[in-house]
Amino acid sequence: VAVQALRGVDLVVKTGDFMAIVAPSGRGKTTLLNIIGALDIPTGGSVNLFDRNLSELSRKDRADLRLHQLGFVFQAYNLVPVLTARENVEFVLELQGEGNGRETTALATLESLGLANLADRRPTEMSGGQQQRVAVARAVASKPKLVLADEPTANLDSENAETLLKMMRDLRDTHDMTFVFSTHDPLVVSYASRVVTLRDGVVVSDEQRNGDEIGED
(Lines give C-alpha, C1' and ligand atoms only; values in the text may rest on other atoms or scores of the structure.)
Protein backbone atom coordinates (compact mmCIF):
# COMPACT_ATOMS: atom_id res chain seq x y z
CA VAL A 1 0.00 0.00 0.00
CA ALA A 2 1.47 3.33 -1.06
CA VAL A 3 1.61 5.93 1.71
CA GLN A 4 1.89 9.57 0.69
CA ALA A 5 3.90 11.06 3.54
CA LEU A 6 4.15 14.54 2.00
CA ARG A 7 1.72 16.27 -0.34
CA GLY A 8 3.16 19.15 -2.30
CA VAL A 9 5.24 20.74 0.46
CA ASP A 10 6.53 24.16 -0.64
CA LEU A 11 9.21 25.31 1.77
CA VAL A 12 12.30 27.51 1.60
CA VAL A 13 14.93 27.13 4.33
CA LYS A 14 16.98 30.30 4.67
CA THR A 15 20.60 30.58 5.78
CA GLY A 16 20.65 31.16 9.53
CA ASP A 17 17.22 29.66 10.19
CA PHE A 18 16.72 27.97 13.56
CA MET A 19 13.63 26.13 12.38
CA ALA A 20 11.34 23.76 14.24
CA ILE A 21 9.12 21.48 12.16
CA VAL A 22 6.16 20.53 14.34
CA ALA A 23 3.58 17.80 13.75
CA PRO A 24 2.09 14.77 15.51
CA SER A 25 3.90 11.46 15.04
CA GLY A 26 3.55 9.90 11.61
CA ARG A 27 2.72 13.16 9.81
CA GLY A 28 5.83 13.49 7.65
CA LYS A 29 8.41 15.32 9.80
CA THR A 30 11.18 12.72 9.46
CA THR A 31 10.41 12.18 5.78
CA LEU A 32 10.77 15.91 5.17
CA LEU A 33 14.14 15.99 6.99
CA ASN A 34 15.34 13.00 4.97
CA ILE A 35 14.37 14.70 1.72
CA ILE A 36 16.03 17.98 2.68
CA GLY A 37 19.16 16.02 3.63
CA ALA A 38 19.40 14.03 0.38
CA LEU A 39 18.76 10.75 2.17
CA ASP A 40 15.48 10.21 0.31
CA ILE A 41 14.54 11.38 -3.18
CA PRO A 42 10.93 12.54 -3.64
CA THR A 43 8.68 10.76 -6.12
CA GLY A 44 7.55 14.12 -7.45
CA GLY A 45 8.61 17.75 -7.45
CA SER A 46 12.16 18.94 -6.89
CA VAL A 47 14.51 19.73 -4.02
CA ASN A 48 17.25 22.32 -4.43
CA LEU A 49 20.02 22.32 -1.86
CA PHE A 50 22.87 24.83 -2.13
CA ASP A 51 21.77 25.60 -5.71
CA ARG A 52 21.85 21.95 -6.76
CA ASN A 53 18.84 19.87 -7.80
CA LEU A 54 19.14 16.72 -5.71
CA SER A 55 17.20 14.61 -8.19
CA GLU A 56 19.88 15.29 -10.81
CA LEU A 57 22.81 14.24 -8.61
CA SER A 58 24.36 10.79 -8.64
CA ARG A 59 24.34 8.69 -5.49
CA LYS A 60 28.04 9.52 -4.95
CA ASP A 61 27.44 13.25 -5.40
CA ARG A 62 24.63 13.16 -2.85
CA ALA A 63 26.90 11.30 -0.42
CA ASP A 64 29.65 13.91 -0.90
CA LEU A 65 27.13 16.68 -0.30
CA ARG A 66 25.98 15.06 2.94
CA LEU A 67 29.53 14.46 4.13
CA HIS A 68 30.91 17.95 3.56
CA GLN A 69 27.96 20.30 4.03
CA LEU A 70 25.38 18.58 6.24
CA GLY A 71 25.20 17.35 9.81
CA PHE A 72 22.63 14.79 10.95
CA VAL A 73 21.22 13.96 14.37
CA PHE A 74 19.19 10.77 13.99
CA GLN A 75 16.41 9.82 16.37
CA ALA A 76 18.10 6.42 16.89
CA TYR A 77 21.53 8.13 17.33
CA ASN A 78 23.26 5.80 14.80
CA LEU A 79 26.53 5.85 16.73
CA VAL A 80 29.17 3.29 15.71
CA PRO A 81 29.02 0.80 18.63
CA VAL A 82 32.70 -0.25 18.55
CA LEU A 83 33.95 3.37 18.71
CA THR A 84 34.23 5.60 21.76
CA ALA A 85 32.42 8.91 21.98
CA ARG A 86 35.55 10.75 20.85
CA GLU A 87 36.12 8.32 17.99
CA ASN A 88 32.51 8.66 16.84
CA VAL A 89 32.95 12.43 16.59
CA GLU A 90 36.37 12.07 14.97
CA PHE A 91 35.10 9.59 12.40
CA VAL A 92 33.25 12.20 10.34
CA LEU A 93 36.21 14.58 10.60
CA GLU A 94 38.51 11.84 9.33
CA LEU A 95 36.21 11.09 6.39
CA GLN A 96 36.30 14.79 5.55
CA GLY A 97 40.08 14.67 5.44
CA GLU A 98 40.81 16.72 8.56
CA GLY A 99 44.37 16.15 9.75
CA ASN A 100 45.99 16.07 13.16
CA GLY A 101 43.60 18.55 14.73
CA ARG A 102 40.58 16.29 14.65
CA GLU A 103 41.11 14.84 18.16
CA THR A 104 41.32 18.35 19.61
CA THR A 105 38.17 19.37 17.73
CA ALA A 106 36.31 16.26 18.88
CA LEU A 107 37.25 16.73 22.53
CA ALA A 108 36.36 20.43 22.49
CA THR A 109 32.96 19.66 20.99
CA LEU A 110 32.26 16.95 23.56
CA GLU A 111 33.32 19.30 26.36
CA SER A 112 30.91 21.98 25.13
CA LEU A 113 28.10 19.46 25.65
CA GLY A 114 29.29 18.36 29.09
CA LEU A 115 30.66 15.04 27.80
CA ALA A 116 34.41 15.42 28.34
CA ASN A 117 34.40 12.71 31.02
CA LEU A 118 32.71 10.27 28.62
CA ALA A 119 35.12 10.69 25.72
CA ASP A 120 36.54 7.17 26.09
CA ARG A 121 33.24 5.37 26.65
CA ARG A 122 31.48 3.35 23.98
CA PRO A 123 27.75 3.79 23.30
CA THR A 124 26.81 0.71 25.34
CA GLU A 125 28.42 2.37 28.36
CA MET A 126 26.29 5.52 28.05
CA SER A 127 22.68 6.40 28.78
CA GLY A 128 20.29 7.27 25.97
CA GLY A 129 20.59 10.97 26.74
CA GLN A 130 24.39 10.80 26.68
CA GLN A 131 24.33 8.97 23.35
CA GLN A 132 22.03 11.65 21.99
CA ARG A 133 24.46 14.41 22.95
CA VAL A 134 27.34 12.48 21.38
CA ALA A 135 25.28 12.26 18.20
CA VAL A 136 24.81 16.04 18.32
CA ALA A 137 28.55 16.54 18.87
CA ARG A 138 29.29 14.40 15.82
CA ALA A 139 26.81 16.41 13.73
CA VAL A 140 28.19 19.86 14.60
CA ALA A 141 31.93 19.23 15.08
CA SER A 142 32.85 20.09 11.48
CA LYS A 143 30.64 23.23 11.44
CA PRO A 144 28.47 22.11 8.50
CA LYS A 145 26.29 24.60 6.63
CA LEU A 146 23.08 22.81 7.61
CA VAL A 147 22.24 20.57 10.58
CA LEU A 148 19.14 18.37 10.46
CA ALA A 149 18.06 17.05 13.84
CA ASP A 150 15.25 14.53 14.37
CA GLU A 151 13.82 15.00 17.88
CA PRO A 152 17.21 16.13 19.32
CA THR A 153 15.92 16.64 22.89
CA ALA A 154 13.69 13.55 23.11
CA ASN A 155 15.83 11.78 25.73
CA LEU A 156 17.24 14.79 27.57
CA ASP A 157 16.19 16.41 30.83
CA SER A 158 15.29 20.10 30.65
CA GLU A 159 18.71 21.31 31.84
CA ASN A 160 20.68 19.32 29.26
CA ALA A 161 18.15 20.16 26.55
CA GLU A 162 18.55 23.88 27.22
CA THR A 163 22.36 23.58 27.24
CA LEU A 164 22.17 21.81 23.89
CA LEU A 165 19.86 24.40 22.32
CA LYS A 166 21.99 27.30 23.54
CA MET A 167 25.11 25.68 22.09
CA MET A 168 23.38 25.15 18.75
CA ARG A 169 22.10 28.72 18.71
CA ASP A 170 25.61 30.00 19.43
CA LEU A 171 26.90 27.96 16.47
CA ARG A 172 24.17 29.48 14.31
CA ASP A 173 25.22 32.97 15.36
CA THR A 174 29.00 32.56 15.15
CA HIS A 175 29.38 30.23 12.14
CA ASP A 176 26.32 31.08 10.00
CA MET A 177 25.06 27.53 10.44
CA THR A 178 21.44 26.66 9.74
CA PHE A 179 19.42 24.28 11.94
CA VAL A 180 16.22 22.41 11.12
CA PHE A 181 14.60 20.31 13.85
CA SER A 182 11.67 17.95 13.91
CA THR A 183 10.20 18.09 17.38
CA HIS A 184 7.32 17.69 19.80
CA ASP A 185 9.24 19.56 22.52
CA PRO A 186 7.84 22.98 23.55
CA LEU A 187 11.36 23.97 24.68
CA VAL A 188 12.73 23.52 21.16
CA VAL A 189 9.80 25.50 19.78
CA SER A 190 10.51 28.30 22.28
CA TYR A 191 14.07 28.59 20.94
CA ALA A 192 13.10 28.43 17.27
CA SER A 193 13.30 31.54 15.11
CA ARG A 194 10.82 29.91 12.74
CA VAL A 195 8.11 27.32 13.41
CA VAL A 196 6.68 25.28 10.53
CA THR A 197 3.61 23.16 11.27
CA LEU A 198 2.79 20.09 9.17
CA ARG A 199 -0.61 18.44 9.02
CA ASP A 200 -1.31 15.41 6.86
CA GLY A 201 1.82 16.01 4.81
CA VAL A 202 1.27 19.70 4.00
CA VAL A 203 2.52 22.93 5.58
CA VAL A 204 -0.39 24.58 7.37
CA SER A 205 1.53 27.42 9.04
CA ASP A 206 4.97 29.00 8.80
CA GLU A 207 5.63 31.41 11.66
CA GLN A 208 8.66 33.70 11.56
CA ARG A 209 9.47 34.81 15.08
CA ASN A 210 11.22 37.93 16.34
CA GLY A 211 14.81 37.08 17.34
CA ASP A 212 14.43 39.00 20.61
CA GLU A 213 11.77 36.51 21.71
CA ILE A 214 13.79 33.38 21.11
CA GLY A 215 14.23 31.25 24.21
CA GLU A 216 11.93 33.46 26.29
CA ASP A 217 8.51 31.87 25.69
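This is a predicted model: local features need pLDDT of at least 70, side-chain atom pairs count only at pLDDT 80 or more; totals for chains, interfaces and linings use all residues.
Visitor: Within what arc do the buried residues of H4 fall, seen down its axis?
Guide: Helix H4 spans residues 102–112, and its buried residues are Ala-106, Thr-109 and Leu-110. Seen down the helix axis, they line one face of H4, because they fall within an arc of 100 degrees.

Visitor: Which helices do the buried residues of H4 pack against?
Guide: Look at the buried side of H4, which includes Leu-110. The packing partners of these buried residues are helix H3 (85–95) and helix H5 (128–140).

Visitor: Which residue just after H4 takes a positive phi?
Guide: H4 ends at residue 112. Just after the helix, a phi of about 70 degrees is found at Gly-114.

Visitor: Which residues have the most contacts inside the largest nonpolar core?
Guide: This core has 38 residues. The residues with the most contacts inside the core are Leu-110, Val-136, Val-140, Phe-179 and Phe-181.

Visitor: Which residues does Phe-181 touch, leaving out those up to four places away in sequence?
Guide: Phe-181 is among the residues with the most contacts inside the largest nonpolar core. Not counting residues up to four places away in sequence, Phe-181 touches Phe-18, Met-19, Ala-20, Ile-21, Ala-149, Pro-152, Leu-165, Met-168 and Val-188.

Visitor: How many residues of E6 are buried?
Guide: Thr-178, Val-180 and Ser-182 point one way from E6, while Phe-179, Phe-181 and Thr-183 point the other way, and all are buried. E6 is mostly covered, and the buried count is 6 of its 6 residues.

Visitor: In E6, which residue is the bridge partner of Val-147?
Guide: E6 runs parallel to E1, joined by 5 bridges, and Ile-21 stands opposite Ser-182 in E6. E5 and E6 also run parallel, with 5 bridges joining them. The bridge partner of Val-147 in E6 is Phe-179.

Visitor: And in E5, which residue is the bridge partner of Leu-70?
Guide: Leu-70 belongs to strand E4 (residues 70–73), where Leu-70 and Phe-72 point one way, Gly-71 and Val-73 the other way, and all are buried. E4 pairs with strand E5 (residues 146–150) in the parallel sense over 4 bridges. Across from Leu-70, the bridge partner in E5 is Leu-146.

Visitor: Which elements give two or more residues to the lining of the largest cavity?
Guide: The search of the whole structure finds 1 cavity of 30 Å³ or more, and the largest cavity has a volume of about 60 Å³. Its lining residues are Thr-30, Leu-33, Asn-34, Leu-39, Phe-72, Val-73, Phe-74, Leu-148, Ala-149 and Asp-150. The elements giving two or more residues to that lining are H1, E4 and E5.

Visitor: Which element gives the most to the lining of the largest pocket?
Guide: The largest pocket holds about 1100 Å³ of space. Of its 37 lining residues, the closest to the centre are Leu-11, Ile-35, Ile-36, Ser-46 and Val-47. Helix H1 (29–36) and strand E2 (48–49) each supply at least two lining residues. With 4 residues, the element that gives the most is H1.

Visitor: What is the relative accessible area of Ala-38?
Guide: Ala-38 is found in the loop between H1 and E2. Its phi is near 60 degrees, a positive value in a residue other than glycine, whereas most residues other than glycine have a negative phi. Ala-38 is buried, because its relative accessible area is 1%.

Visitor: Is Phe-50 buried or partly exposed?
Guide: Phe-50 is in the loop between E2 and strand E3 (52–53), and its phi is near 55 degrees, again positive in a residue other than glycine. Its relative accessible area is 30%, and buried would need under 20%. Phe-50 therefore counts as partly exposed.

Key:
Residues are numbered from 1 along each chain as its sequence is written. Side-chain values use heavy atoms; hydrogens and water are left out. Buried means under 20% relative accessible area, exposed over 50%, partly exposed in between (1.4 Å probe, protein chains only). Two strands pair if DSSP finds at least two bridges between them. The arc is that of the directions from the helix axis to the C-beta atoms. Contact means heavy atoms within 4.5 Å. A nonpolar core is a set of buried Ala, Val, Leu, Ile, Met, Phe, Trp, Tyr and Cys residues joined through side-chain atoms within 4.5 Å. On a 1 Å grid over the protein atoms alone, a cavity is a set of points where a 1.4 Å probe fits but cannot get out, and a pocket is an open set with protein on both sides within 12 Å along at least five of seven lines; lining residues have an atom within 4 Å of a point. Grid points are joined across faces, edges and corners, and a volume is the space filled by probe spheres set on the points.
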